[in-house]
Amino acid sequence: MAIAFLLRDTFGERVFRSALLIPMMVPAVVAGIAWKMLYNFEFGPVNYFLSLLGIPKISWLGTQFFSRLGVILIDVWQWTPFVFLVLYAGLQSLPRDVVEASFVDGASGFSAFRYIEFPLLRPLLFVVLIIRVIDALKIFDIVYMVTFGGPGSSTHSYSFYIYKVGVSFGWDIGYASALSVLLLLAVSLLVSLLIRVLRLRETLEL
Amino acid sequence: MRKGIVTGLAVVLVFLFVSVACAVNLVVWSSPDNADALHELAQNFMAKNPDVQIEVTPLSWEVLYPRILQDLTSGAGSFDVTTWDLMTAGAIAPGMLDLEAFAKEHPELVDPNFDDEDFIPTAKYVYGYWKDKRIGYPFYGAAMFFFYRKDLFSDPALQAKFKAEYGRDLAVPKTWEEAKEVAKFFTKKFNPDSPTEYGIALMFPRTHTLFYMYLNFFGPYRRSPEGIAKFGKVDLDWGDYFTADGLPAFNSEEGVRALQDMIDLMQYAPDPLGSDYGETLEAFGKGMVAMVPQWTACLASWKESPLLQPFEEKVGVAVMPGGTPVSGGWGLGINAASKNKEVAFRFIQYATSKEGDKIQWLKYRIGPTRKSVVEDPEVLADSPWLKEAYIASLDGASHRPRIPEEPRLEDILVGTLSEILLGQQPNSIETLNLVADEWKKILGR
């Protein structure tokens, strides 16, 4: 949201907007390979740049905390453009006259955002939140390509387990299907809960 | 004039159509490490058999095995020939063509120079049979080897320093206890004068890599006279993880000690839990470590590494410490649902022939499976270490299970091993007993 807000009406907006979309267009498999190289303990650029700041090398794929953080960072990197795109479009479609009227009444830029734009964007924010929750719950490709669920069980996701049961263990499709149905139920339940908590029906006037 | 061109084109089109219709298209699935060698062998075969078109498709290990299983289960016949990993033998056997039965039915297709007795006996079984069924011919013979920096081990200054510190000569380690000392000596953190940053490169990720790496450490205990007395002889189908009675053997004092050896060595390695094949290959290739357990396929890459030149003076190959390296390798077999069995049979005979075996070693470092190739003067001139280290490694190799339940067992054990190495679970018999219980449940024992 901050990116969408900062980018609006700035010099080079079109270029930045296009550049920001690149991560979303990169296939997850390619992104996984690239990030694995970036996270390389000895030769990876991430540790190199951290070392310039005096930070010792981090085992991004060999420790519980950092492997989880590593997977989260890749997911955030890949899907921030989607969140940005939705919110940016939302921001562009807000009625300008209301915002301009607030300026006439003496509101600052921040006040206009806090009291006018943000409340107007809230429904979109909730929708994006729900989509990202669903996405995060079924994360598979990044785990498969980068950590394979490890080290230990640090980054083992439910979808990854379904894949292993369904494919790697010898095509146990029945059990894998049952697990998938459970995932569907869990996601449905969580989304219903979110809709209720966020009062999305009222907000979206459904 | 126009009539002539049209007629000419028609003739060419008819010729092309007839050629395509008459050609036999053989679909070969391969793991990436075998693909280049298979591609050249396919080219050679096509040159001798112009009516045959062979398409070699490389598929990663994680993709290849499930796809083979899917195809064999459904009987779709999407591939004619495939390389198969030795530990998948039990799972794929029902859908693979029985080559012995097929050869008996088609004696005219059997190459008189094939020389089945020339295969190294262990290789012939583990890359060829499941129970009594011949499901493939040995293609890629492999056991892990211990690669080391020959120039560092023969450096007089380093030798003197090592002797002063440890009271013995600096030599390639023969046991994991020795390996710990040598690895410590070559780690800058413990020896600031070390020419390498780390002593050893280890790959303990949460993938099938950990499943075979553990055997390099457990094997010496399992194969020792005490281990044989306690667990019984090793069955080639059940492998070293099991007792002679088919019960888990790793949930024992020996299993815990093997894990402790791995834990002890981890401090001398760059990011062992986050490293896999590529990372360790790179660490050795860039001169960061003095030793690394690896497969022979790495040699092709290291031979090109500027830091390892002159190669023969800088890189040495030895048998794994403990003397029981884990076996790997691939067989080459035919899909029972293939519509081109005759041509496929001729092709796999050529690919696994003496000629093919020699080409794949000399050009692609795909380990030989034939005794005659290991003893071939040209091969020995190229790789003098081969005869001694290779046969010793293959003969003394420890084996993973080849039973159909292997992938499930592997996943359960790898998860726990990874957690123990990470410190999430204690390294104890009790922890390993939990895995053993799950194994027994899966196996119905």
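This is a predicted model: local features need pLDDT of at least 70, side-chain atom pairs count only at pLDDT 80 or more; totals for chains, interfaces and linings use all residues.

Visitor: How many helices and strands does chain A have?

Guide: Chain A has 12 helices and 0 strands. Helices are DSSP runs of H or I with at least four residues, and strands are runs of E with at least two, numbered from the N terminus.

Visitor: Why is helix α7 of chain A said to lie largely in the open?

Guide: A residue is buried if 20 or more other C-beta atoms lie within 10 Å of its own, exposed if 12 or fewer, and partly exposed in between, with C-beta atoms placed from the backbone. Helix α7 (residues 96-104) of chain A has 9 residues, and the number buried is 0, so this helix lies largely in the open. Just after α7(A), Gly106(A) takes a positive phi of about 100°. Over the 206 residues of chain A, 23% count as buried.

Visitor: What radius of gyration does chain A have, against that of a compact globule?

Guide: The radius is taken over C-alpha atoms, and the globule rule is 2.2 Å times the number of residues to the power 0.38. For 206 residues a compact globule would come near 17 Å, but chain A has 21 Å. The C-alpha atoms of chain A fill a box of roughly 65 × 50 × 25 Å along the principal axes.

Visitor: How many residues of chain A and chain B are in contact with each other?

Guide: Two residues are in contact if their C-beta atoms, placed from the backbone, lie within 7 Å. By that criterion, 21 residues of chain A are in contact with 26 residues of chain B. Helix α10 (residues 158-168) of chain A gives the most to the side of chain A that touches chain B, with 3 residues.

Visitor: What makes up that side by residue class?

Guide: It divides into 9 nonpolar, 10 polar and 2 charged residues. Ala, Val, Leu, Ile, Met, Phe, Trp, Tyr, Cys and Pro count as nonpolar, Asp, Glu, Lys and Arg as charged, and the others, Gly among them, as polar.

Conventions. Residues are numbered from 1 along each chain as its sequence is written. Chains are lettered from A and ligands numbered from 1 in the order in which they are written.
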